[in-house]
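Here are my notes on the model you sent over. Have a look at the structure first, then read the points below.

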Amino acid sequence: MITCHLVDGKFEKQSCTDFDGIVTSINRNREVLTALPVDAIIKILDGLGKRVLKNPEINTVPGVSFISLWLRRENLDKICQINYSDKRYIDGFGKTGQNFLMMAQPRGIVCQWIAANMPTLGFFSVVQAILSKNGSIVKMPEEYVPLISSILRELPAISVEYEGKTYSGKTILDAIALVSFEGRTQETSEQFSLAADCRIIFGGSEAVRIISRLPCRDHCETVIFGPKYSFAVFDREFIASEGFRKSLDLVAKDVAVFNQMACSSPHVLFLEKSRYSVETIASWLKESFEKMPPVLRHQPISSGMSARIINARAEYQLADGRNCIAPQDLGWTILMNQEPCLEEPVQGKCIFLKEIGSADEVIPLVNHKIQAISIGILDPVKRESFARQATYRGADRIVIPGTIHDFTLPWDGIMTLNRLVRWVILKHS
Amino acid sequence: MMPCAEDDRSHSSRLRDILLSKEPYSESDAHKCETLMPILREQLKGARENNPQIDHFLTRQGIIVDDLQNLEEVPFMPVQMFKRFDLRTCPEQAIAKILQSSGTTGGTPSRIPLDKSTAMNQIRALKTILADYLGKNRKIFLVIDHEGINSPSMAFSARTAGVRGLSIYAKKTFYLLKEENGKLVLNLPVIRDVMEKYSQDDVYAFGFTYIIWTTFYEQVKKEGLRFSFKNFTLFHGGGWKKMQDLAVSKDEFSASIAAIFGAQPENILDFYGMAEQTGIIFVDCKEGHKHVPAFSQVIIRDPYTLQPCPPGKPGLIEVMSVLADSYYDQAVLTEDLGVLVGVDDCPCGRKGRYFRFVSRVEKAEVRGCGDTFRE
């Protein structure tokens, strides 16, 4: 059984047994969306960002203020620029310098499988489908439907003027359907997959493996945002620098946002041996955790996560050569050891601190599972050398503290919008 | 490594002897702190002296044993640590045997080192608990499992612990199941023998909840068998996660099993216990509440704040005990969720805290895109 939460611009919860009605509606409405100039779409989304920030129902939810920033016109322009090289290609045929014109045509219906670890993930996915003028059917965890619905509900109230014409946010809303269904139901999952001209899959190993094996149409493109792991490295010059203590506040924030459940959440902080002991740095990081706003300091955790944190703490309290700093509650945990390796994520704000001889020691640890490495390396030559080697081995993003979750494209090494369009040509006669 | 000072040992041993000689549910909860804390403090000092890792454990939490005033302040050991560390708290040469419990789901076994006095305390404790539910006379003991479960060659499991522990009051023991080609089937000759000869005797039985339901009950129904005992009590425990998956409630289980044995549903007693705390089982009273005996305490802790929960609020079950001088049994945090129902006022008349088991902690996590670093 499929539960449809949004279709044809209507937020009415209804049950259906197949996707036929939803597909018909999205196909009809995405034609109207295609006719919207991309600049009008960007203006509407920019307006949406401003409205969500004013909506008291959702503006305190972690991640929503970032959505608002992300939807700024300048940012969306940059995203289109980097994906299409020239955003006019998405509106019509444009010159290429060759003997043909080129255009980015939307693929059609983008079916999206949203992972259950980040409440706002589904929204970013939908916006990328919109910026490529695709229709969306989004399979979303039930618990996130109210938040995403609250954001999308603002769209019909937005209208913008562009080149003398008025465009409504309702056109965008009409091209989006939100659904939920039991992923283990093979038949429904297959129907969903077969409805797609393009599939976007967010999830862990098992989910990605199972979904990508579902049957799909021959022309269907599949974009996978699979399981990833992130960490941080600071060198001794950075640790000795004036801004270091402040950067620990940013590390704490990076750890706290999404309660360390995102692929971009750092789990280990490697520290080059410096004038400060790991224990001293841990005590500063403790202060950073303690002064976080309550919404980040205290986040709901499952009993399973609770057990994992309790076990990790006890292990580090018992073992030789390890140590643990933590408050009475399970709000955050600093685990210290000297082993130069990555650690299995505990989540729930458990960060491993490790002292290493040189930042280069972490390079052999990098593989294709590594998404982001937050680096504190001041020397530009050393930074670039580190980045080149780490990305060669598999890392996708080398960032600075406080920006690890900033959703910039490329993401996971993928130019998403580019993958959501077909590049078509028109030869000169 | 140093043994505890002889005087301290004797002092806490004397206090514990007093506790073990009392009726297990006669003390009100308010006295628990006063009676248990002196023993626990001495045990923690011994633990610290005899095991450097436990010393780390206490030191890293800033624990000064003499400053511990309340049971809630005693540092709890997560039950998983029994699989990963040696939690011995006495000199190595004092260890008489090490129980290796594979638990109910297999995997790395817990290691539980026992010295003679701890093993003795556990037997005494279990005797007093069972006597409260069964009386002190020996009875016919039925095991709803196969005989191999008690074989020394088999890994020590929750099932083994249950059979061995509960056999204390056995006059004669019968195994109602047998293993055939790796499957559990009814041991029909034994069942018929029991039906013919012992229907008029006082009988008690033990089995693993899930096995009783899916194997014994199913096959007994199929065979159309029915016992008619004059006086029958069943103790069963474990496997509630699987029972929840089968959507079988405790009431349905009790009524169905009681009917098979010709007993009253209130004589089908679920209990909560674990190999890491052998000697103590928390048995249902007729009200369906699990009672905490005098030499033990149960604290329900909020899964986030870790503070004790008030009655009615579910949390992680912490079990405390003064029985063990040989391993860190003083406070063990389980991976089970329970709820404190009340204190001293159960209609069954037993004093102390009483609680209900809610579920196992859900281990399967939605990891989403944030996952392992391993390729």
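**Notes on the model**

1. Let's start where the two chains meet: 32 residues of chain B are in contact with 43 residues of chain A, contact being C-beta atoms, placed from the backbone, that lie within 7 Å. On the chain B side, the elements giving two or more residues are α3 (52-59), β1 (77-78), α4 (81-84) and β15 (331-343) of chain B. Helices (H or I, at least four residues) and strands (E, at least two) are DSSP runs, numbered from the N terminus. Sorted by class, that side of chain B has 14 nonpolar, 8 polar and 10 charged residues. Here Ala, Val, Leu, Ile, Met, Phe, Trp, Tyr, Cys and Pro count as nonpolar, Asp, Glu, Lys and Arg as charged, and the others, Gly among them, as polar.

2. Before you go further, some housekeeping. This is a predicted model, where local features need pLDDT of at least 70 and side-chain atom pairs count only at pLDDT 80 or more, while totals for chains, interfaces and linings use all residues. Residues are numbered from 1 along each chain as its sequence is written, with chains lettered from A and ligands numbered from 1 in the order in which they are written.

3. Now chain A on its own. It has 16 helices and 19 strands, and 49% of its 429 residues count as buried, that is, with 20 or more other C-beta atoms within 10 Å of their own, C-beta atoms being placed from the backbone.

4. Chain A splits into domain 1 (2-226 + 412-427) and domain 2 (229-399); the bounds come from an automatic or database domain assignment. The centres of the two domains, taken over C-alpha atoms, are 33 Å apart. Where they touch, 6 residues of domain 1 of chain A are in contact with 8 residues of domain 2 of chain A. The domain 1 side of that divides into 2 nonpolar, 3 polar and 1 charged.

5. In chain B, take a look at strand β8 (residues 202-208): 6 of its 7 residues are buried. Strand β4 (residues 139-144) of chain B runs parallel to β8(B), joined by 5 bridges, and β8(B) also pairs in the parallel sense with strand β9 (residues 231-237) of chain B over 7 bridges. Pairing requires that DSSP finds at least two bridges between two strands.

How values were computed:
A residue is buried if 20 or more other C-beta atoms lie within 10 Å of its own, exposed if 12 or fewer, and partly exposed in between; C-beta atoms are placed from the backbone.
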